[in-house]
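User: I'd like to learn how to read a structure like this one, feature by feature. Could you walk me through it?

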Amino acid sequence: MFIVSLTYKVPLERIEAHIEGHMAWLEDAYARGLLIASGRKVPRSGGVLLSHAERPALEACLATDPFHSHDLADYEIIECAITLTAPGFEALKG
């Protein structure tokens, strides 16, 4: 499992200008089975993505995010092995 932490490098006004493209990118990544969850950080300083994809496929996908291609955010990829979950979240293991 990978947790991807996005941290905005620019003011929110510049992020908002690319949000439509980012949302389309997210929809495509979900359709391709590369992401299993995503959301904004609170406060809104970036976002978080969860993925079960192979790392090379995830990295290739992240490179096509408009936030990446327009140099709006930094990306940290954290690999983890989920071993325990609450009931209903067993799909996160492995």
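User: Is Asp 71 buried, exposed or partly exposed, and why?

Analyst: Buried means under 20% relative accessible area, exposed means over 50%, and partly exposed lies in between (1.4 Å probe, protein chains only). Asp 71 has 47% relative accessibility, so it counts as partly exposed. Bear in mind that this is a predicted model, where local features need pLDDT of at least 70, side-chain atom pairs count only at pLDDT 80 or more, and totals for chains, interfaces and linings use all residues. Residues are numbered from 1 along each chain as its sequence is written, and side-chain values use heavy atoms, with hydrogens and water left out.

User: Where is Asp 71 placed, and what is its phi?

Analyst: Look in the loop between helix 4 (66-69) and strand 4. Asp 71 has a positive phi of about 55°, although it is not a glycine.

User: Which peptide bond is cis?

Analyst: Check omega: for the bond that joins Val 42 and Pro 43 it is about 5°, and that bond is cis. Pro 43 sits in the loop between strand 2 (37-40) and strand 3 (46-51).

User: How many helices and strands are there, and in what order do they run?

Analyst: Helices (H or I, at least four residues) and strands (E, at least two) are DSSP runs, numbered from the N terminus. This chain has 4 helices and 4 strands, and from the N terminus on they run β-α-α-β-β-α-α-β. The radius of gyration (over C-alpha atoms) is 14 Å, close to the 12 Å from the globule rule (2.2 Å times the number of residues to the power 0.38) for 94 residues, so the chain is as compact as a globular protein of that length.

User: Which residues have the most contacts inside the largest nonpolar core?

Analyst: In soluble globular proteins, nonpolar side chains tend to be buried together. A nonpolar core here is a set of buried Ala, Val, Leu, Ile, Met, Phe, Trp, Tyr and Cys residues joined through side-chain atoms within 4.5 Å. The largest one has 21 residues, and Val 4, Leu 49, Leu 58, Leu 62 and Phe 67 have the most contacts inside it. Strand 1 (2-8), helix 2 (19-31), helix 3 (55-62) and strand 4 (73-79) each supply at least two residues of this core.

User: What is Leu 58 in contact with, leaving aside its neighbours within four places in sequence?

Analyst: Contact means heavy atoms within 4.5 Å. With those neighbours left aside, Leu 58 touches Phe 2, Val 4, Ser 51, Ala 53 and Ile 77.
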